[in-house]
Amino acid sequence: MLMSILQVNSEDIPPYAIVCGDPKRAEMIAGKLEGTRELAFSREYRTFTGEYEGVKMAVVSHGVGSAGAAVCFEELIRAGVNTLIRVGTAGSYSQDIPAGSLVVSIAAVRTEGLTRQLVPEGFPAVGDSQVVNALFEAASATSGVVAKGITVAVDAFFNGVVEIPHKQYKQAGAIAVEMEIAALYIVSTLRGARAGAILAIDGFADAELSEVYDPHTDAVGLAVEREIQAALRAIVRLAREDGQVTTA
Ligand code: R1X
């Protein structure tokens with residue numbers, strides 16, 4: 001069946017998917033697979049398939065923001081994906097988790113608008129524990145800071161006149177801020193898929209974005225490489241646990 005927005009056929013989509021915001025990053029991740037095929041590049045959604053250590057997977061870009069990303073997650077799950085890992089970037093709340101660190105999100109605070117149209121207030125956006133643990137263990141095997149905790153999902157990338165209560169989220173224990181994990185976790189829960197997310201920290205969330213935000217430093221680039229390795233390793237581990245890979 002043709003997915004109308006991603007423009008891919010369900011027959012071509014394997015059960016495991018890595019999703020990321022940037023179509024260029026999708027190409028970079030797909031470059032690490034064997035037998036890579038680009039299936040479609042429709043709007044911001046660029047879809048590749050390939051194989052890593054015997055596991056077939058899709059790599060798909062979902063763009064910036066929860067509403068557009070949810071379209072990608074919905075269509076992937078309709079096409080047969082049952083395991084989704086978001087590989088993204090985020091701002092940190094803590095000096096202990098500086099740019100270049102990795103964060104694995106166990107759950108997301110739903111401050112964005114999309115999930116309010118899908119589930120009632122108070123319904124939690126939670127990652128799948130098996131996926132989250134596989135990601136955390138794979139990330140911990142790379143060199144550098146790795147943290148695991150609650151992340152905040154916002155819609156507004158640039159500040160308006162309404163204050164987002166970052167101080168309170170931080171005091172309550174959240175560790176990083178990004179834009180798409182609430183959508184990923186709610187859509188996955190609703191549709192019976194499992195999901196996890198790993199983030200490369202590219203700055204501090206409560207600083208003035210225009211002065212300090214630079215996601216193109218070497219430190220962030222290295223963290224992106226580490227999170228991609230962790231996501232690939234986590235998928236191989238999950239596929240083995242699922243009995244989808246017979247080789248050691
Ligand atoms: O999730 C956020 C968004 O997709 C983090 O970075 C992007 C904006 O640059």
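Predicted model: local features only at pLDDT ≥ 70, side-chain atom pairs only at ≥ 80, totals over all residues.
Residues are numbered from 1 along each chain as its sequence is written. The protein chain has an average pLDDT of 96, and 96% of its residues score at least 70 (pLDDT is the predictor's confidence in each residue, from 0 to 100). Among the elements of the chain, α5 has the highest mean pLDDT (99) and helix α6 (residues 209-212) the lowest (56); helices (H or I, at least four residues) and strands (E, at least two) are DSSP runs, numbered from the N terminus. The model scores are ipTM 0.91 and pTM 0.96.

Turning to the helix pairs, the axes of α2 (residues 66-78) and α5 (residues 181-191) come within 9 Å and cross at roughly 30° (axes are lines fitted to C-alpha atoms, for helices over the stretch in contact, and angles run from 0 to 180 degrees between N-to-C directions). Helix α2 is therefore roughly parallel to α5 (angles under 35 degrees count as roughly parallel, over 145 as roughly antiparallel, 65 to 115 as roughly perpendicular and the rest as oblique). On the α2 side, the contact includes Phe73 and Ile77, and on the α5 side, Leu184 and Val187 (residues are in contact if their C-beta atoms, placed from the backbone, lie within 7 Å). By class, this contact of α2 with α5 has eight nonpolar, two polar and two charged residues (Ala, Val, Leu, Ile, Met, Phe, Trp, Tyr, Cys and Pro count as nonpolar, Asp, Glu, Lys and Arg as charged, and the others, Gly among them, as polar).

Helices α3 (residues 129-140) and α7 (residues 218-241) pack at about 130°, with their axes 8 Å apart, and are therefore oblique to each other. Among the residues that meet are Leu135 in α3 and Leu238 in α7. This contact of α3 with α7 divides into nine nonpolar, one polar and four charged residues.

Around the ligand lie Gly21, Val64, Gly88, Thr89, Ala90, Phe157, Glu178, Met179 and Glu180, each with its C-beta atom, placed from the backbone, within 6 Å of the molecule. Strand β5 (residues 83-92) gives the largest share of this shell, three residues. By class, the shell has four nonpolar, three polar and two charged residues.

Note on methods:
Contact = placed C-beta atoms within 7 Å.
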